[in-house]
Amino acid sequence: MSDISLHQFLTIYAWFGLATLLFLLALIARFYERLSGQRTYYQLFAVPILAFAGAAIRFSSRNQVTGDAWGELLLLLTGTSLAVLCLHVYRLMTSGR
């Protein structure tokens with residue numbers, strides 16, 4: 001197995017793990033929205049999933065591991081949107097405590 005095919009396998013494997021984790025976070029946010037009536041924007045958890053999928057596809061299709069500006073921009077979008085969404089849900093769930 002060459003280094004590139006190993007990289008492709010690990011990238012896709014990481015995407016499935018992250019997508020599962022983000023799906024569980026979206027379910028928690030949806031449950032809290034239904035329970036409390038406060039808006040959590042759980043639908044926006046699809047943005048980091050899709051952005052990371054785009055980055056994974058971009059990095060898997062290239063013969064390089066790093067250095068792709070669009071792939072790295074998608075990873076930045078993934079991390080930023082995930083941080084904002086998680087902080088929003090965290091603040092809603094812990095307000096007043």
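Q: Which residues make up the largest nonpolar core?
A: In this predicted model, the largest nonpolar core has nine residues in all: Ala-19, Leu-22, Ala-26, Ala-29, Phe-45, Ile-49, Leu-82, Leu-85 and Val-89. A nonpolar core is a set of buried Ala, Val, Leu, Ile, Met, Phe, Trp, Tyr and Cys residues joined through side-chain atoms within 4.5 Å, and buried means under 20% relative accessible area, with a 1.4 Å probe and protein chains only.

Q: Which elements give two or more residues to this core?
A: Those elements are H1 and helix H3 (69-94); helices are DSSP runs of H or I, at least four residues, numbered from the N terminus. H1 provides the largest share of this core, four residues.

Q: What does Phe-45 touch?
A: Not counting residues up to four places away in sequence, Phe-45 touches Leu-22, Leu-25, Ala-26, Ala-29, Leu-82, Leu-85, Cys-86 and Val-89 (contact means heavy atoms within 4.5 Å).

Q: Turning to Leu-10, where is its place?
A: Leu-10 belongs to helix H1, residues 3-36.

Q: What is the relative accessible area of Leu-10?
A: The value for Leu-10 is 45%, so this residue is partly exposed, a class between buried and exposed, the latter being over 50%.

Q: Which residues make the nonpolar surface patch with Leu-10?
A: Leu-6, Phe-9, Leu-10 and Tyr-13 make a patch of about 440 Å².

Q: On what basis are residues numbered and values computed?
A: Residues are numbered from 1 along each chain as its sequence is written, and side-chain values use heavy atoms, with hydrogens and water left out. Local features need pLDDT of at least 70 and side-chain atom pairs count only at pLDDT 80 or more, while totals for chains, interfaces and linings use all residues.

Methods:
Patches are made of residues with over 30% relative accessible area and no salt bridge: like charges are joined within 9 Å, nonpolar side chains (Val, Leu, Ile, Met, Phe, Trp, Tyr) within 5 Å. Accessible areas come from the Shrake-Rupley method with a 1.4 Å probe; for residues, only the protein chains shown count as cover. A salt bridge is a side-chain nitrogen of Lys or Arg within 4 Å of a carboxyl oxygen of Asp or Glu.
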